[in-house]
Amino acid sequence: MPENILERVLTRELARQIDGILSNYQYDASHLIGILLDIQQIIPKHYIPEEIAYYLAQKLNVKITNIYDCITFYSSIYSKARAEYPLQICNSIVCKVKKEERLAMDLKKILKVEIDQATADGKFIIEMVPCFGACDVAPAVKVNGKVYGNLNNEEKIKAMLQELV
């Protein structure tokens, strides 16, 4: 990828943050999944842009295909922009018993979107994900690493959404 394209997308500040993450992993490509997850958290819309993938390949001295192998294989790593607040709903059996389906229906109604569809303003996307260990407070939503639990009515859901924005 031409260097001038990297400079337009990859700001000095973002490069500094990414280099910090890489340093934490001692620039060890065997930790690629953790590196990608950490970088994804600092990128607006929580994904790995193509330019960042090329930057990582260069910094870790690996082929770009190795980077994309991870991005395309793991369901928690994204190559396309998502939303500022990905609302992840656990779809495990415990959460099904605790009415996770009702939570998803309420979120779809409030936000006027379907599962895996971002709101028009790019703020929210609803995603169904495997268990994230919040069975004790189900139905729950995980947003950017934070769990919001006991979301068993519209008022609690709306309060959670208000807290985010």
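Biologist: Does Asp 116 count as buried or exposed?

Modeller: The terms rest on relative accessible area, computed with a 1.4 Å probe on protein chains only: buried means under 20%, exposed over 50%, and partly exposed in between. Asp 116 has 57% relative accessibility and therefore counts as exposed. This is a predicted model, in which local features need pLDDT of at least 70 and side-chain atom pairs count only at pLDDT 80 or more, while totals for chains, interfaces and linings use all residues. Residues are numbered from 1 along each chain as its sequence is written, and side-chain values use heavy atoms, with hydrogens and water left out.

Biologist: What is the phi of Asp 116, and where does the residue lie?

Modeller: Most residues other than glycine have a negative phi, and most peptide bonds are trans. The phi of Asp 116 is near 65 degrees, a positive value in a residue other than glycine, and Asp 116 lies in the loop between α7 and β2, where helices (H or I, at least four residues) and strands (E, at least two) are DSSP runs numbered from the N terminus. Tyr 27, found in the loop between α2 and α3, also has a positive phi, near 50 degrees.

Biologist: Which residues of the largest nonpolar core touch the most other members?

Modeller: In soluble globular proteins, nonpolar side chains tend to be buried together. A nonpolar core is a set of buried Ala, Val, Leu, Ile, Met, Phe, Trp, Tyr and Cys residues joined through side-chain atoms within 4.5 Å. Of the 24 residues in the largest one, Ile 18, Leu 36, Ile 39, Ile 48, Ile 52, Leu 56 and Ile 67 touch the most other members. The helices α2 (12–24), α3 (32–42), α4 (50–60) and α5 (64–73) each supply at least two residues of this core, and α4 gives the most, with six. A second, separate core of 18 residues includes Ile 126, Val 143, Tyr 148 and Leu 161.

Biologist: Where does Thr 119 lie, and which residues does Thr 119 touch?

Modeller: Thr 119 lies in the loop between α7 (100–111) and β2 (124–129) and is buried, with a relative accessible area of 10%. Not counting residues up to four places away in sequence, Thr 119 touches Leu 111, Val 113 and Phe 124, where contact means heavy atoms within 4.5 Å.
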